[in-house]
Amino acid sequence: MMDAYLATTYWVLGTRAIGLRIGVPAPELELVTESGMGGRIAFITACNPASKPLPTNENAQRLKQAQETLSGLSKRWIPGVGLADDGCWCEPSLLAWPLTEAEAGTLASAWGQNAWVHVGGDWIPRLFSTQR
């Protein structure tokens, strides 16, 4: 499954769309987040837990709950979407900050996700698994 996540572009849908690829620096994220947020940015979702497709309305409800959770934790977020290179998978997501690697992992696990993307202080997106 991790290979499929590596073969995905993680799109940030702010005022200017930014496509994130695992291992490819994305310093332009500083333009849509806040200065100094490198190392505290995550691309995360609550949709399709364990990569099992859910109906659109269930995913919309899960994403809304994720937005409310993040806002309740005083985190900022921008809508995003993960789009598989082969076009067979499209998943609503969120770019959220400030989130440490540990915080993002806790949320991904709570939302039933297999993995999440964290952007380090070097602005390089990295894929992390919730599996131990």
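In which sense do E6 and strand E7 pair, and over how many bridges? Antiparallel, over 5 bridges. Keep in mind that this is a predicted model.

**View 1. Here is the hairpin of E6 and E7.** Strand E7 covers residues 125-129. Look across from Trp-116 and you'll find Phe-128 in E7 standing opposite. The hairpin has 5 residues between its strands, and in this hairpin Trp-123 takes a positive phi near 65 degrees.

**View 2. Now meet E3 and its two pairings, with E6 and with E5.** E3 pairs with E6 in the antiparallel sense, over 3 bridges. On that side, Phe-43 has Val-117 in E6 as its bridge partner. E3 also pairs with E5, again in the antiparallel sense and over 3 bridges. There, Ile-44 stands opposite Leu-94 in E5. Check where the side chains go: Ile-41 and Phe-43 point one way from E3, while Ala-42 and Ile-44 point the other way. All four of these residues are buried.

**View 3. This is the largest pocket, with a volume of about 420 Å³.** Its lining takes in 26 residues, and the closest to the pocket's centre are Tyr-5, Thr-8, Tyr-10, Trp-89 and Glu-91. Sort the lining by class and you get 15 nonpolar, 8 polar and 3 charged residues.

Technical notes:
Residues are numbered from 1 along each chain as its sequence is written. This is a predicted model: local features need pLDDT of at least 70, side-chain atom pairs count only at pLDDT 80 or more; totals for chains, interfaces and linings use all residues. Side-chain values use heavy atoms; hydrogens and water are left out. On a 1 Å grid over the protein atoms alone, a cavity is a set of points where a 1.4 Å probe fits but cannot get out, and a pocket is an open set with protein on both sides within 12 Å along at least five of seven lines; lining residues have an atom within 4 Å of a point. Grid points are joined across faces, edges and corners, and a volume is the space filled by probe spheres set on the points. Ala, Val, Leu, Ile, Met, Phe, Trp, Tyr, Cys and Pro count as nonpolar, Asp, Glu, Lys and Arg as charged, and the others, Gly among them, as polar. Two strands pair if DSSP finds at least two bridges between them. Helices (H or I, at least four residues) and strands (E, at least two) are DSSP runs, numbered from the N terminus. Buried means under 20% relative accessible area, exposed over 50%, partly exposed in between (1.4 Å probe, protein chains only).
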